[in-house]
Amino acid sequence: MEVAVTINGESYSREVEPRTLLVHYIRDFVGLTGTNVGCDTSSCGACTIHLNGESVKSCTILAVQADGQSLTTIEGLADGEVLHPMQESFRQCHALQCGYCTPGMVMAAISLLDENIAPTEQEVRLGLKGNLCRCTGYHNIVKAVLHCAGASV
């Protein structure tokens, strides 16, 4: 089947098998590898992207379901060398170690702040509970989200 999407402002159209997951379309057909495949069960959130502005786990969506839609991946956040405020906050707050979960965490965190511009620490923790990190213990991730929201941390 032909799937046409806009990813990070650029149009793509590729022929895919109907069972192709969106995460594989993004990585394998388009070549944007910042969106990671973690668990293939929607438990880890490493594949989180924005679909029409909403945070989704791209391993739970078939590419054909995204036909005609607009996607944003981690690669679409920075403006050249200028990082998105959430990416910069993750950098400043040392909110990553191995970095595997970071793209999904950043994408989920942006959606969280889109819905709640001044979350509490508990709201950040609850808002990111669908994204797993095996390295950091979450303290600096929560700190980065609060920092980006302008809260004192």
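In this predicted model, helix H2 passes helix H3 in a right-handed crossing. H2 covers residues 85–92, and its axis lies 10 Å from that of H3, the two helices packing at an angle of about 120 degrees. This angle makes H2 oblique to H3. On the H2 side, the residues that take part are Met86, Gln87 and Phe90, and they meet Thr102, Met105, Val106, Ala109, Ile110 and Leu113 in H3. Sorted by class, the contact of H2 with H3 holds 7 nonpolar and 2 polar residues, with no charged ones.

H3 also has helix H5 (residues 139–149) as a partner, and here the axes come within 11 Å and cross at roughly 40 degrees. Since angles under 35 degrees count as roughly parallel, H3 and H5 are therefore oblique to each other. The crossing of H3 past H5 is right-handed. Met105, Ala109, Leu112 and Leu113 of H3 make this contact with Ile141, Val145, Cys148 and Ala149 of H5. Met105, Ala109 and Leu113 of H3 are listed both in the contact with H2 and in the contact with H5.

Attention now turns to the sheet. Its 5 strands follow the order E2-E1-E5-E3-E4, and the sheet is open with mixed pairing. The edges are taken by strand E2 (10–15) and strand E4 (54–57); each has a single partner strand, so one side of each is left without a neighbour in the sheet. On average, and with direction ignored, neighbouring strands are turned by 40 degrees against each other. Strand E1 (residues 2–7) and strand E5 (residues 70–72) run parallel and are joined by 2 bridges. Within this pair, Ile7 stands opposite Leu71 in E5.

Two helices can be followed onto this sheet. Helix H1 (residues 22–29) packs on it and touches E1, E2, strand E3 (48–51) and E5, with a direction at about 100 degrees to that of E2. Helix H3 (residues 102–115) packs on the sheet as well, touching E3, E4 and E5, and its direction makes about 45 degrees with that of E3.

At the level of the whole chain, the domain assignment gives domain 1 (2–76) and domain 2 (85–148). Taken over C-alpha atoms, the centres of domain 1 and domain 2 are separated by 21 Å. The contact between the domains takes 18 residues from domain 1 and 13 residues from domain 2.

Definitions and conventions:
Residues are numbered from 1 along each chain as its sequence is written. This is a predicted model: local features need pLDDT of at least 70, side-chain atom pairs count only at pLDDT 80 or more; totals for chains, interfaces and linings use all residues. Side-chain values use heavy atoms; hydrogens and water are left out. Two strands pair if DSSP finds at least two bridges between them. Helices (H or I, at least four residues) and strands (E, at least two) are DSSP runs, numbered from the N terminus. Axes are lines fitted to C-alpha atoms, for helices over the stretch in contact, and angles run from 0 to 180 degrees between N-to-C directions. Contact means heavy atoms within 4.5 Å. Angles under 35 degrees count as roughly parallel, over 145 as roughly antiparallel, 65 to 115 as roughly perpendicular and the rest as oblique. A crossing is left-handed if the near helix is turned anticlockwise from the far one by less than a right angle, and right-handed if clockwise. Domain bounds come from an automatic or database domain assignment. Ala, Val, Leu, Ile, Met, Phe, Trp, Tyr, Cys and Pro count as nonpolar, Asp, Glu, Lys and Arg as charged, and the others, Gly among them, as polar.
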